[in-house]
Amino acid sequence: MPAIQATQIERAKQFIRDNLLQPRLDTRELCRYLGMSRSSLYRLFEPLGGVARYIRSARLLDAHRALSTASDTRPVYAIARERGFDDPSEFSRAFKHQFGYSPSEARSEWVPAPHPHKAQAGAASNLAEVIRAVS
């Protein structure tokens, strides 16, 4: 990856991390911040599975961290809503698809959030790539 693209992707990732809980975080906001066209942004995130998928994965990983924190006793739906998932069923399906267990299981067993740079045992190889990309 050329140096300019590496810098752009790092700026984009930082913007996403800083604005993860903002409901308006989307490709338009990211394009505006980076000063690039939508098609350029899509090309930039293509190796990471796409912009929307990257943002969704980052939000799910952040939700997992919240659910895995013993001091965070908010209901699962509140944590999901804070991260842009208005439909609890959609959140639960997406969470289970990404991590292999439900949000309730993550909370009840205090499963630590996967390390972004290591694959989760037994998970699909693309999950490891997505988690690695989120960091």
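Helix 1 and helix 2 pack with their axes 10 Å apart, at an angle of about 125°, in what is a predicted model. Two packed helices are described by the angle between their axes and the distance between the axes. An angle over 145 degrees would count as roughly antiparallel, and 65 to 115 as roughly perpendicular; helix 1 and helix 2 are therefore oblique to each other. Their crossing is right-handed.

Let's look at the residues that make this contact. From helix 1 come Gln8, Arg11, Ala12, Phe15 and Ile16, and they meet Glu29, Leu30, Tyr33 and Leu34 of helix 2. Sorted by class, the contact has six nonpolar residues, two charged ones and one polar one.

Now for the aromatic rings. The structure holds seven aromatic pairs, and one of them joins Phe15 and Tyr33, with ring centres 4.4 Å apart and planes at 20°. Planes under 30 degrees apart count as stacked, so this pair of Phe15 and Tyr33 is a stacked one. The pair also links distant parts of the chain: Phe15 belongs to helix 1 (residues 3-18) and Tyr33 to helix 2 (residues 27-34), 18 residues apart.

Are these two partners buried or exposed? Phe15 has a relative accessibility of 14%, so it counts as buried. Tyr33, with a relative accessible area of 39%, is partly exposed.

Key. Residues numbered from 1 in each chain as written. Predicted model: local features only at pLDDT ≥ 70, side-chain atom pairs only at ≥ 80, totals over all residues. Heavy atoms only, no water. Phe/Tyr/Trp six-rings, centres within 6.5 Å; stacked < 30°, edge-to-face > 60°. Helix = DSSP H or I, 4+ residues; strand = E, 2+ residues; numbered from the N terminus. Buried < 20%, exposed > 50% of the residue type's maximum accessible area, 1.4 Å probe, protein only. Axes fitted to C-alpha atoms, helices over the stretch in contact; angles between N-to-C directions. Parallel < 35°, antiparallel > 145°, perpendicular 65-115°, else oblique. Left-handed = near helix turned anticlockwise from the far one by under 90°. Contact = heavy atoms within 4.5 Å. Nonpolar A, V, L, I, M, F, W, Y, C, P; charged D, E, K, R; others polar.
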